[in-house]
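Me: I have a model open and would like to learn how to read it. Could we go through it together, starting with a single residue?

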Amino acid sequence: MMKKLEKILMPLAEAIGRNKYLMSIRDGFLVSTPLLIGGSIFLLIANFPIQGWINFLETTVVNSSTGQTLASFISKPAGATFDIMAIFAVIGIAYSFAGKMNTNKIFGAAVAVVSWFLIMPSKGIFVGIMCAFLSVHIYTYVERKGWTIKMPAGVPPTVEESFAALIPAAMVMIVFFTINLLFGFLGTNVFQIIFEFLQTPLLNLGDTLGAMVVA
């Protein structure tokens, strides 16, 4: 039985393991993992289930002028990681995917974040993942078409890379600006569409085993 399962599952696992999109998502989330673990430690300290400890944190004033307590200070590291986890993920996914597309990883990550912010009325990691892939695809396409600014010899490499990224980055911004504008004319946004047509049906499936497998 195990040998039969291995014959079926191993090729599937290998195919998934070679998929550049899934690999980019994996690597992108790994960027935020140590930061989230660090934030979780502070979250645990701030909410340790001993009432005396919690009372101590909430009544110990650190800044008398603002009234901030020790509890609010300890909670900040958790907020600094969890509240912007999606940004870490988008940067990491786009950076990894740009490397697999053989284009500039730093600018790939940068245009992904800008693209996400251009269409973002609220938080949403799923849309962020799509922005990471689409923006890097557009960036790579424009770059490979040669639609870049060429600098004369002797220009420092960093300056040359910045000007080379100007047109591809501008094209990415134009595409996402247009997407946002079109959805605006329709009286909605990308996040709302994703929620209504993807997340809502998944949530309505319930918490059965089959529903979890589909989700």
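Reply: Happy to. Ser 115 sits in helix α6; helices here are DSSP runs (H or I, at least four residues), numbered from the N terminus. This is a predicted model, where local features need pLDDT of at least 70, side-chain atom pairs count only at pLDDT 80 or more, and totals for chains, interfaces and linings use all residues. Residues are numbered from 1 along each chain as its sequence is written, and side-chain values use heavy atoms, with hydrogens and water left out.

Me: Is Ser 115 buried or exposed?

Reply: Buried means under 20% relative accessible area, exposed over 50%, and partly exposed in between (1.4 Å probe, protein chains only). Ser 115 has a relative accessible area of 0%, so it is buried.

Me: Which residues is Ser 115 in contact with, leaving aside its neighbours within four places in sequence?

Reply: Contact means heavy atoms within 4.5 Å. By that rule, Ser 115 touches Cys 131, Ser 135, Val 172 and Phe 176. Also, a polar atom of the Ser 115 side chain lies 2.6 Å from the backbone oxygen of Val 111.

Me: And what about Trp 116, with those neighbours within four places in sequence left aside?

Reply: Trp 116 is in contact with Ala 86, Ile 87, Val 90, Gly 124, Val 127, Gly 128, Cys 131 and Phe 191.

Me: Where is Phe 48, and how does its accessible area read?

Reply: Phe 48 belongs to the loop between α2 and α3. With a relative accessible area of 37%, Phe 48 is partly exposed.

How values were computed
Helix = DSSP H or I, 4+ residues; strand = E, 2+ residues; numbered from the N terminus. Polar contact = N/O pair within 3.5 Å; in protein donor to acceptor, adjacent residues only side chain to side chain.
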